Amino acid sequence: MFMTACQQNKQAPVIEEPSSSADKLLDRLDALNKQIQTDSLNPEFYHERARFYYDNEEFNEAFKDIWTALELDSTYADYHVTLADIYLGMGKMQACIEALDKALELDGENVRAYIKQAEINIVFHKYKEALENIDKALKIDDLEAKAYFLRGVVLLEIGDTVRGIRNFQQAINVDQDYFDAHLQLGMLYADKKNKLAVDYFNNALNIDPKSREVNYYLAMFYQENGNYEMAIQIYNSILANEPDFYFALYNLGYMNLVYLQQYETAIDYFTQTIEINPEYADAYYNRGFAYELLKDVENSRRDYKKTLELSPNYEKAIDGLNRIDEYLQQNN
């Protein structure tokens, strides 16, 4: 008999900031607007507002502002790099590349441009070119934390985990608050079941205490290494902020099913998961298995059949139905 655990969630949305953070964003935008009203011919003010819009994924507004900045001063390389960022956010890859080429034509030592080129190289799996651009950036500024981080990413992609870890650590040495480097190291050590993962995840949480992603990975580490009490505590803290985060609900169900043998509680968590995501085949299967363990044959069969509707080749559900048929034959 098998159960299926939820190992990770890389596409789950980030927990929303509280209203006070939204107020801060509005205050920042208001300050930027006042700057422009005070001096409408200053390109840097438009550039600052473009970066603000870009950071908040309002790419159309960002594009308008950076274009205004470039109309006022087209000779500043950083404006072209910001334009490249915006084009990339809008999915216009060729325009992004052209903007970076223009930036480097204006300033051959623009670190931001080389870093952005390296990011694009990584997207297209051009690792040799990515490393070349990273090396150029570090030759200009050997304290560029993002360059070390990206080199770590490339090294992981080509299978050099040891040097990858070394570069992520170097990124942190340069910038102790480099969130992504702490997260990446946490994930790498978690894969090795190394307790250093907890330190790096906690470092990331010190930087961003509200990060649902980090909390989730930390809970998964505790779950996979037998500290169910801590895992449950963290999953519940996530759900307190985001009740519809069904991966946490699912994993709570899984722990109650597999480790704690609290089958009715497991059923409740799987049911909540299904109410949020009715297409989650694993949740139906594991709820069906919990029903089977309680000898509730009718509900178990129903969930196994639903699992197969969603995923026709789900072997564990097929095996479950076979077990039920065998059980019924033996008890009739």
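1. The buried residues of helix α2 are Pro43, Phe45, Tyr46, His47, Arg49, Ala50, Phe52, Tyr53 and Tyr54. Buried means under 20% relative accessible area, exposed over 50%, and partly exposed in between, with a 1.4 Å probe and protein chains only. Helices (H or I, at least four residues) and strands (E, at least two) are DSSP runs, numbered from the N terminus. The model is predicted: local features need pLDDT of at least 70, side-chain atom pairs count only at pLDDT 80 or more, and totals for chains, interfaces and linings use all residues. Residues are numbered from 1 along each chain as its sequence is written, and side-chain values use heavy atoms, with hydrogens and water left out.

2. Helix α2 covers residues 43–55, and its 13 residues should span 18 Å at 1.5 Å a residue. The expected span is 1.5 Å times one less than the number of residues. The end C-alpha atoms of α2 are 18 Å apart, which agrees.

3. What caps the N-terminal end of α2? Asparagine 42 does, with a side-chain oxygen 2.9 Å from the backbone nitrogen of glutamate 44. Just after α2, glutamate 57 takes a positive phi of about 60°.

4. Leucine 41 is found in the loop between α1 (19–38) and α2. Its relative accessibility is 64%, so leucine 41 counts as exposed. The C-alpha atoms of leucine 41 and asparagine 121 are separated by 36 Å, and the two residues are 80 residues apart along the chain.

5. The largest pocket is lined by Leu25, Tyr54, Asp55, Asn56, Glu57, Glu58 and Phe59. Its volume is about 460 Å³. By class, the lining has three nonpolar, one polar and three charged residues. Ala, Val, Leu, Ile, Met, Phe, Trp, Tyr, Cys and Pro count as nonpolar, Asp, Glu, Lys and Arg as charged, and the others, Gly among them, as polar. On a 1 Å grid over the protein atoms alone, a cavity is a set of points where a 1.4 Å probe fits but cannot get out, whereas a pocket is an open set with protein on both sides within 12 Å along at least five of seven lines; lining residues have an atom within 4 Å of a point. Grid points are joined across faces, edges and corners, and a volume is the space filled by probe spheres set on the points.

6. Asparagine 121 lies in helix α6. Is asparagine 121 buried or exposed? At 12% relative accessibility, asparagine 121 counts as buried. Leaving aside its neighbours within four places in sequence, asparagine 121 is in contact (heavy atoms within 4.5 Å) with Lys126, Glu129, Ala130 and Asn133.

7. Most residues other than glycine have a negative phi. Histidine 125 is not a glycine, yet has a positive phi of about 60°. Histidine 125 lies in the loop between α6 (111–123) and α7 (127–140), and counts as exposed because its relative accessibility is 55%. Lysine 193, a residue other than glycine, also has a positive phi, near 55°. The place of lysine 193 is the loop between α10 (179–191) and α11 (196–207).

8. Tyrosine 222 is in helix α12 (residues 212–224) and counts as buried at 14% relative accessibility. Not counting residues up to four places away in sequence, tyrosine 222 touches Val198, Asn227, Tyr228, Met230, Ala231 and Ile234. From tyrosine 222 to serine 211, 11 residues apart in sequence, the C-alpha to C-alpha distance is 17 Å.

9. Phenylalanine 247 is found in helix α14 (residues 246–258). Its relative accessibility of 13% makes phenylalanine 247 count as buried. The C-alpha atoms of phenylalanine 247 and tyrosine 235 are separated by 9.1 Å, with the two residues 12 residues apart along the chain.

10. Arginine 287 lies in helix α16 (residues 281–293). At 10% relative accessibility, arginine 287 counts as buried. Its side chain makes a polar contact of 2.7 Å with the side chain of aspartate 303. A polar contact is a pair of N or O atoms within 3.5 Å; within protein, one must be able to donate a hydrogen and the other to accept it, and residues adjacent in sequence count only if both atoms are side-chain atoms. Arginine 287 touches Ile267, Phe270, Thr271, Ile274, Arg302 and Asp303, not counting residues up to four places away in sequence.
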